[in-house]
Amino acid sequence: MARCWLPIGKKTSLTKLSADVTPGFKGEEASAREATEELRGELIDLQRKLYAEERQRLLIVLQAMDTGGKDGVIRKVFSGVNPLGVTVARFERPTPAELAHDYLWRVHPHVPGNGEIVIFNRSHYEDVLVVRTNKLKPKSIWSKRFEHLRNFERMLADEGTTIVKFYLHIDRDEQKERLQARLDDTSRNWKFDAHDLEQRKLWDDYMQAYRDAIVETDRKYAPWYVIPANKKWFRDWAVMRILVDTLRKMDPQYPKADFDPTTIRIV
Ligand code: ATP
Ligand code: MG
């Protein structure tokens, strides 16, 4: 598979990394949409086998700035996939009960079981992102979490969970346009959240926090893919491409019948 994501390292500045590029894709919007549709059939087929096989698990982590397209990816990449066996878990501001526990307490019950795909819409990574940028915990606390996150994911992987993590990368100008669209279009007003404007002021802090979180926890057993996401058609194709490739490697199979179907007569 040609690389359709952006490599980043300790010194990368996400603010300088273009969110407009379309790596690995030769062509324009129409051909990307066509390519996405071609992959959709395969995604549907592979998920069906994963569900029937009931032996492997897939965890998809989706992170992005507000308006970054998490909901759009879920809607567009997963449309047509059998809802049986696919779950979205959304992680919002922690409740008092959640805050009274360690930060992974609310996460672990949602990881996929055999045959399941779970999509995390936001995730345990908020605990090194919003928590850091908004100073909800001191550095002495959040800086230790990278190691917990690596170990948590390592444990899930060792126990049979395949993990893929996406950071949908948009830039500040694109966010401005998308927030404005939520004001201009009455059918999108419900998506506007004044809280997003507060977070927008912390853009550069978020970009640093994302870079560190990604670099610290990008591992073979739980890779991060930084997807340039200003262009929605590229974003959808790239996520679809990576997911299909991941599922191909998992290679789920329909279980073989432990009986001879030709010997059975239904009367
Ligand atoms: P949309 O992009 O569609 O608005 P969203 O993911 O922003 O969706 P919201 O319900 O608007 O969903 O916001 C969830 C909020 O919860 C985000 O601001 C996020 O940063 C916050 N949040 C998630 N996890 C934590 C956490 N562990 N601590 C503090 N805040 C958190
Ligand atoms: Mg929001």
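**Helix packing, nonpolar core and salt bridges**

The buried residues of helix H7 pack against helix H8 (194–200), helix H9 (203–217) and helix H10 (232–250). Here contact means heavy atoms within 4.5 Å, and buried means under 20% relative accessible area, exposed over 50% and partly exposed in between (1.4 Å probe, protein chains only). Helices (H or I, at least four residues) and strands (E, at least two) are DSSP runs, numbered from the N terminus. The model is a predicted one, in which local features need pLDDT of at least 70 and side-chain atom pairs count only at pLDDT 80 or more, while totals for chains, interfaces and linings use all residues. Residues are numbered from 1 along each chain as its sequence is written, chains are lettered from A and ligands numbered from 1 in the order in which they are written, and side-chain values use heavy atoms, with hydrogens and water left out.

In H7, the buried residues are Glu174, Gln175, Arg178, Leu179 and Arg182. Seen down the axis of H7, these buried residues fall within an arc of 135 degrees, so they line one face of the helix; the arc is that of the directions from the helix axis to the C-beta atoms. Asp173, Lys176, Glu177 and Asp184, on the other side of H7, are exposed. The 13 residues of H7 (residues 172–184) should span 18 Å at 1.5 Å a residue, and the end C-alpha atoms are 18 Å apart, which agrees. The expected span of a helix is taken as 1.5 Å times one less than its number of residues. The N-terminal end of H7 is capped by Asp171, a side-chain oxygen of which lies 3.3 Å from the backbone nitrogen of Asp173. A polar contact is a pair of N or O atoms within 3.5 Å; within protein, one must be able to donate a hydrogen and the other to accept it, and residues adjacent in sequence count only if both atoms are side-chain atoms.

Helix H1 (residues 29–53) contains both Arg33 and Glu29. H1 has 25 residues and reaches 36 Å from its first C-alpha to its last, close to the 36 Å expected at 1.5 Å a residue. Its buried residues include Ala32, Leu39, Leu43, Leu46 and Leu50. The cover over the buried residues of H1 includes helix H2 (70–77), strand S2 (86–90), S3 and H10. Glu54, whose phi is positive, near 60 degrees, follows H1.

The largest nonpolar core holds 74 residues, of which Ile60, Phe120, Phe166, Ile227 and Leu243 touch the most other members. H10 supplies the largest share of this core, 11 residues. A nonpolar core is a set of buried Ala, Val, Leu, Ile, Met, Phe, Trp, Tyr and Cys residues joined through side-chain atoms within 4.5 Å. Not counting residues up to four places away in sequence, Phe120 touches Leu59, Ile60, Val61, Leu62, Ala89, Phe91, Val107, His110 and Val111.

Arg235 is also found in H10 and is buried, with a relative accessible area of 1%. Leaving aside neighbours within four places in sequence, the contacts of Arg235 include Gly68, Gly69, Leu168, Arg178 and Ile227. Val226, in strand S5 (residues 224–228), counts as buried at 2% relative accessibility. Val226 touches Trp5, Leu6, Ile8, Tyr167, His169 and Ile214, not counting residues up to four places away in sequence. The C-alpha atoms of Val226 and Glu54 are separated by 30 Å, the two residues being 172 residues apart along the chain.

The count of salt bridges comes to 23, a salt bridge being a side-chain nitrogen of Lys or Arg within 4 Å of a carboxyl oxygen of Asp or Glu. In H1, Arg33 and Glu29 are joined by a salt bridge (2.9 Å, N to O); they lie 4 residues apart, about one turn of the helix. Arg33 is partly exposed at 37% relative accessibility, and Glu29 is partly exposed at 36%. Glu126 forms a salt bridge with Arg122, with the closest N and O atoms 3.0 Å apart, and counts as buried at 8% relative accessibility. Asp66, Arg122 and Glu126 are linked in a network of salt bridges.

A salt bridge also joins the side chains of Arg145 and Asp127 (3.8 Å, N to O). Arg145 lies in helix H6 and Asp127 in the loop between strand S3 (117–121) and helix H4 (130–133), so the pair ties together parts that are 18 residues apart in sequence. Both residues, Arg145 and Asp127, are buried, the relative accessible area of Arg145 being 7%. A polar atom of the Arg145 side chain also lies 2.9 Å from the backbone oxygen of Asp127. Apart from neighbours within four places in sequence, Arg145 is in contact with Tyr103, Asp127, Val128, Val131 and Lys137.
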